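Me: I'm new to this one and would like to walk through it with you. Can we take it piece by piece?

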Amino acid sequence: MASVSVDEAMRRAVALATRGLGATSPNPVVGCVLLDPGGEVVGEGFHAYAGGPHAEIVALAQAGTRARGGTAVVTLEPCDHTGRTGPCSHALIAAGVARVVVAVPDPNPVASGGAATLRAAGVQVTLGVRAEEAEAGNVAWLTSMRRGWPYLIWKYAATLDGRSAAADGTSMWITSEAARTDVHALRGTVDAVLAGVGTVLADDPRLTARNLRDGTLAIRQPLRVVVDSSGRTPADARVRDGAARTWVATAAEVGAGPDGRVDLAALLAELHHRGVRAALLEGGPTLAGAFLAAGLVDRIVGYVAPKLLGAGPTALLGAGVTTIAEAIDLEITDVTQVGPDLRITALPRKREA
Ligand SMILES: NC(=O)c1ccc[n+]([C@@H]2O[C@H](COP(=O)([O-])OP(=O)(O)OC[C@H]3O[C@@H](n4cnc5c(N)ncnc54)[C@H](OP(=O)(O)O)[C@@H]3O)[C@@H](O)[C@H]2O)c1
């Protein structure tokens with residue numbers, strides 16, 4: 001096989017890492033490519049699930065003795081601790097790898113230190129190769145580890161005139177089956193799905209990740225979280241059907257904000273504590289408004305249907321905006337047509353303090 005550059009190998013490692021998205025929490029996604037001394041690819045791996053072998057270990061197993069004197073190209077600094085698996089830094093040293101090229105240092109204080117251990121053993125370590133791409137591929141995990149609460153994606157569906165339900169309250173289905181299938185795929189990449197009790201009472205959603213055609217559940221289900229200050233979720237609500245874990249988060253359990261409702265920052269901190277790194281906020285306008293007003297939303301995914309309703313609730317309520325100067329500015333990062341609908345992805349611009 002022809003030799004590849006370290007840069008090309010890192011691009012491949014970033015692509016490999018994404019294959020673990022949605023399955024590795026509370027661990028990161030990681031990809032690794034092993035090159036022999038001549039630059040030929042002799043091993044590849046990614047971290048496929050929490051508790052499973054790390055990317056470096058998978059690649060080393062493939063490479064065998066051909067790793068000796070070679071280069072390990074890894075999207076995240078190799079871990080230096082013994083968790084459910086042994087330290088990757090030690091495994092790389094034992095395999096005789098001469099150089100380790102890393103995209104992003106590990107922000108997790110428990111696991112970091114791999115670069116220092118490798119250097120102390122005489123392994124050459126280079127940091128920062130294709131760091132931006134590797135960061136983007138692991139944005140939820142890196143963000144949540146750095147600040148201590150999950151990366152939150154607000155997803156909504158609306159008509160072209162911004163309505164999330166009709167005047168009579170009916171809202172199923174604003175968007176197409178293609179868009180809803182896309183949402184189920186999105187659910188499969190997060191660790192928790194959040195909805196307000198208002199949505200549970202109005203729509204009785206299941207909030208599971210499943211095949212829309214035959215109802216088959218995805219193997220891995222996100223934790224379902226109902227944000228319900230006083231515990232109004234009915235005993236027979238579908239979110240309590242046992243198809244996935246459910247947490248009805250009440251103000252008594254989480255703590256209350258000044259308005260007596262669930263303290264949203266405390267809720268996210270508790271979710272992080274429970275291993276949630278990426279979460280999807282699915283409903284509805286009141287809860288979304290409260291999360292946005294608190295500056296707790298990291299990404300917005302809006303599905304916009306080619307429909308007009310002219311009346312009915314809007315997609316967002318009470319986001320703390322009273323005048324145009326206070327509008328929440330967004331940067332649109334992607335626009336994709338999904339069936340007849342548009343999926344718009346945007347990032348809220350950080351406000352000046
Ligand atoms: N188009 C869409 O994408 C979409 C998605 C979801 C829902 N919907 C529609 O939205 C409608 C329901 O709207 P909604 O606004 O009532 O639903 P919601 O936002 O899901 O639930 C609102 C409720 O969340 C609870 N909550 C707990 N802590 C809160 C906090 N800190 N801040 C704000 N709320 C908090 C409040 O009830 P307590 O104070 O009792 O806890 C509040 O009434 C339905 O018609 C549904 O079809 C549309």
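Reply: Let me begin with a term we will need: a residue counts as buried when its relative accessible area is under 20%. Please also keep in mind that this is a predicted model.

Me: OK, so how many residues of strand E1 are buried?
Reply: Five of the five residues of E1, which covers residues 31–35, are buried, so the strand is largely enclosed by the rest of the structure. Gly31, Val33 and Leu35 point one way from E1, while Cys32 and Leu34 point the other way, and all are buried.

Me: Which strands does E1 pair with?
Reply: E1 pairs with strand E2 (residues 41–46) in the antiparallel sense over five bridges, and four bridges join E1 to strand E3 (residues 71–76), again running antiparallel. To place these pairings on the sequence, Gly31 stands opposite Phe46 in E2, and the bridge partner of Leu35 in E3 is Thr71.

Me: And what does Gly39 do in the hairpin of E1 and E2?
Reply: That hairpin has five residues between the strands, and Gly39 takes a positive phi near 90 degrees there.

Me: Switching to helices, which residues of H10 are buried?
Reply: In H10, the buried residues are Leu264, Leu267, Leu268, Leu271 and His272. Seen down the helix axis, the buried residues of H10 fall within an arc of 140 degrees, so they line one face of the helix.

Me: What do those buried residues pack against?
Reply: The buried residues of H10 pack against helix H6 (139–147), E7, E8, strand E9 (246–249), helix H9 (251–254) and H11.

Me: What about the ends of H10, which residue caps the N-terminal end?
Reply: Asp263 caps the N-terminal end of H10, with a side-chain oxygen 3.1 Å from the backbone nitrogen of Ala265. Just after H10 comes Gly275, which takes a positive phi of about 95 degrees.

Me: Now the ligand. Which residues come nearest?
Reply: There are 24 residues around the ligand, and of these Thr199, Asp203, Ser229, Gly284 and Thr286 come nearest. E6, helix H8 (197–203), E10 and H11 each supply at least two residues of the shell around the ligand, and the largest share, five residues, comes from H8.

Me: Which polar backbone atoms do its nitrogen and oxygen atoms sit by?
Reply: A nitrogen atom of the ligand is 2.7 Å from a polar backbone atom of Ala157, and a nitrogen atom of the ligand is 3.3 Å from a polar backbone atom of Ser164. An oxygen atom of the ligand is 2.8 Å from a polar backbone atom of Leu287. The protein covers 86% of the 910 Å² of accessible area that the ligand has on its own.

Me: Where is Ser176, and is it buried or exposed?
Reply: Ser176 has its place in the loop between E6 and helix H7 (177–187), and Ser176 is buried, with a relative accessible area of 15%. The side chains of Ser176 and Asp341 are joined by a polar contact of 2.6 Å. Leaving aside its neighbours within four places in sequence, Ser176 is in contact with Val338, Pro340 and Asp341.

Me: Last topic, the backbone. Where are there cis peptide bonds?
Reply: A cis peptide bond joins Ser25 and Pro26, with omega of about 10 degrees, and Pro26 is in the loop between helix H1 (6–18) and E1. The peptide bond from Met172 to Trp173 is also cis, with omega near -5 degrees, and Trp173 lies in the loop between E6 and H7.

Me: And which residues other than glycine have a positive phi?
Reply: Among them are Arg130, with a positive phi of about 50 degrees, and Asp204, with a positive phi near 50 degrees. Arg130 is found in the loop between strand E5 (124–127) and helix H5 (131–137), whereas Asp204 is found in the loop between H8 and E8. Asp204 is partly exposed, with a relative accessible area of 24%.

Conventions:
Residues numbered from 1 in each chain as written. Predicted model: local features only at pLDDT ≥ 70, side-chain atom pairs only at ≥ 80, totals over all residues. Heavy atoms only, no water. Buried < 20%, exposed > 50% of the residue type's maximum accessible area, 1.4 Å probe, protein only. Pairing = 2+ DSSP bridges. Arc of directions from axis to C-beta. Contact = heavy atoms within 4.5 Å. Polar contact = N/O pair within 3.5 Å; in protein donor to acceptor, adjacent residues only side chain to side chain. Near = heavy atom within 4 Å. Areas by Shrake-Rupley, 256 points an atom, 1.4 Å probe, with all protein chains shown as cover.
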